[in-house]
Amino acid sequence: MSKINLKSLGKDKMKEFVKAEGLPAYRAKQLIHWIYEKKAESIGRITELSKETREKLSDPAYISNLNLLSRQASKDGTEKFLFGLEDGESIESVLIPDKDRLTLCISSQAGCTMGCGFCLTGKIGFKRNLKAHEIVDQIIAVMRIKGHGSRGMGQGITNIVFMGMGEPLLNFDEVVEALKRITEFMGISKRRITLSTCGIAPKISELYKKAPHVNLAISLNAADNRTRDMLMPVNRKYPIEHLLSACRKIPLPTRSSITFEYVMLDGVNDRPSDAQNLVRILRGIPSKVNLIPFNPYEGSKFKRPSDEKVFAFQKVLINAGINAFIRKSKGQDILAACGQLKAGYK
Ligand code: SAH
Ligand code: SF4
C-alpha cells in the first residue's frame, strides 16, 4: 500500500487520519502547525511528537517536498526557482524584491491551456493541474531556502501573487483549498495575496463565495473584443462585457479596487484610442491599471512599444482619473518576468 502524504490532507482529512491512527484529536492541529508553520520536511523532524509516535506515523505516512532543480538570480535581484514535482513535472516560482516589498509569484498549473498569443507559458501547452499542497509548497520551499521565519510571512516575503504558470480559476478547487491553507494554516493575510485570472467569468463570483477574499487581478490586455479575441482565445467564450459584468458584481470592500493588467504590444493595443476605450469600459468599476510593456522571448512575434507610447497611454488613463502604473518587469535576463515562465519545457 502506498503511503499517505500528510500534505495532501486538508483539515478534516487530517483529523480522520489522526483518529484512524489511534491518536488524540489535538494531534491533527499539531501536525498542521509543524507542517505549515514550522515547515517540517519529514515526520522525523516533528520533535514535539515522541520518537515512538514519529516512528509509528512514518510507517503509513510521509511529508512530500518540492524538489529544487535549479535556482537562478537576475542582476536586478529577482530569483527564479525551478521545482520538480513527485511525478516528474516541473514548475517555476519567482521571488521579486522591490523597495519595501518582497513578492513571491507562484504557479497554479504546470503549463496552461489558455494559449494567449503573447505568453510563453501558453506556448508550452498544458501538463497538469497542481494539487493544493504543490501550490502552497512553493511558499514553504522558498521560505525554507531563504531562511525566513515561521508564522505569517516571517519577516521575509511580504506578498504572494498567483501570477506564475497556469490559470488559477481553471484549477478552482485546488486553488481555493490552497488559499485556505495559506491564510489559515500559514497565517498569511489575505490582503497580501493577489490572484490573477485571464477572465474565467463564472468562476470569479464563485471564488468570492468559496475562498478567502484575496485581491483580484484581471489580465485584460485589450479594450475591444476584436483585439482581445485575437490575443486571448478565452475572450471568445467570455467576451469583455461578460467579464466586466462579473467584475461589477464582486462585493468589494470600500476603498479597494480590482487590478487590470494590460500587456502593451507594439502596434497592437497601444494606441491612444485603445487607452480611451479602456477608460470607457472600466467606468464604474473601482480599478487600478498595471501596464506591462511586453517581455520578449525567443521566437515571439510581438514587440515592446517605445517608452513614449507607454507614457502617452498611461497619461490618457491618469487624465481620466484612473490609477495607472507602468510595471517594470524584473528578471528578464533569466526569463523570470511576466509571461516568460516555461519550467524547462520545450
Ligand atoms: N493565467 C493568469 C495568471 C498568469 S499572470 C493570467 O493570465 O492572469 C501572467 C501575467 O503576465 C498576465 O497578466 C499576462 O497577461 C502577462 N503576460 C503574459 N505574457 C507576457 C509577456 N510576454 N510580457 C508581459 N506580460 C505578459
Ligand atoms: Fe495562461 Fe495566463 Fe499565459 Fe494566458 S497569460 S497563457 S492564461 S498563463
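**Labels and their grounds**

Modeller: Strand E11 and strand E12 (residues 258-264) pair in the parallel sense over three bridges, and in E12 the bridge partner of Ile-218 is Phe-260. Please keep in mind throughout that this is a predicted model.

Colleague: What makes E11 and E12 a pair?

Modeller: Pairing asks for at least two bridges between the strands, and E11 and E12 have three bridges, so the term applies. With strand E10 (residues 193-197), E11 likewise pairs in the parallel sense, over four bridges, and Ser-196 has Ala-217 of E11 as its bridge partner. Between E10 and E11 the chain passes through helix H7 (residues 201-210), in a β-α-β crossover that is right-handed.

Colleague: Why is strand E11 described as mostly covered?

Modeller: The strand spans residues 215-219, and four of its five residues are buried, where buried stands for under 20% relative accessible area.

Colleague: How do you know that the side chains of Ser-196 and Glu-261 make a polar contact?

Modeller: The two side chains are joined at 2.8 Å, whereas the limit for such a pair of N or O atoms is within 3.5 Å, and therefore the pair qualifies, given that the contact is listed as polar.

Colleague: Which polar atoms lie by ligand 1, and at what distances?

Modeller: A polar side-chain atom of Glu-167 lies 3.3 Å from a nitrogen atom of ligand 1, while an N or O atom in the side chain of Asn-221 is 3.0 Å from an oxygen atom of the ligand. From the backbone, an N or O atom of Cys-338 lies 3.5 Å from a nitrogen atom of ligand 1. In total 20 residues surround ligand 1, and Ser-196 is among the closest, together with Phe-118, Gly-166, Ser-219 and Asn-295.

Colleague: What makes the phi angles of Lys-39 and Lys-99 worth a remark?

Modeller: Most residues other than glycine have a negative phi. Lys-39, however, has a positive phi of about 55°, and Lys-99 a positive phi of about 45°.

Colleague: Which of the two is buried and which is exposed, and why?

Modeller: Lys-39, in the loop between helix H2 (26-37) and helix H3 (51-58), counts as buried because its relative accessibility is 7%, against a cut-off of under 20%. Lys-99, in the loop between strand E5 (90-98) and strand E6 (101-105), counts as exposed because its value is 80%, against a cut-off of over 50%.

Colleague: Why is Leu-130 called buried?

Modeller: Leu-130 lies in the loop between strand E8 (126-129) and helix H5 (132-146), and because its relative accessibility is 1%, against the cut-off of under 20%, Leu-130 counts as buried. Beyond its neighbours within four places in sequence, Leu-130 is in contact with residues including Leu-85, Ile-91, Ile-135 and Glu-174.

Notes: Residues are numbered from 1 along each chain as its sequence is written. Chains are lettered from A and ligands numbered from 1 in the order in which they are written. This is a predicted model: local features need pLDDT of at least 70, side-chain atom pairs count only at pLDDT 80 or more; totals for chains, interfaces and linings use all residues. Side-chain values use heavy atoms; hydrogens and water are left out. Buried means under 20% relative accessible area, exposed over 50%, partly exposed in between (1.4 Å probe, protein chains only). Helices (H or I, at least four residues) and strands (E, at least two) are DSSP runs, numbered from the N terminus. A crossover is right-handed if, with the strands pointing away from the viewer, the path from the first strand over the helix to the second runs clockwise. Contact means heavy atoms within 4.5 Å. A residue is near a molecule or strand if one of its heavy atoms lies within 4 Å of it. A polar contact is a pair of N or O atoms within 3.5 Å; within protein, one must be able to donate a hydrogen and the other to accept it, and residues adjacent in sequence count only if both atoms are side-chain atoms.
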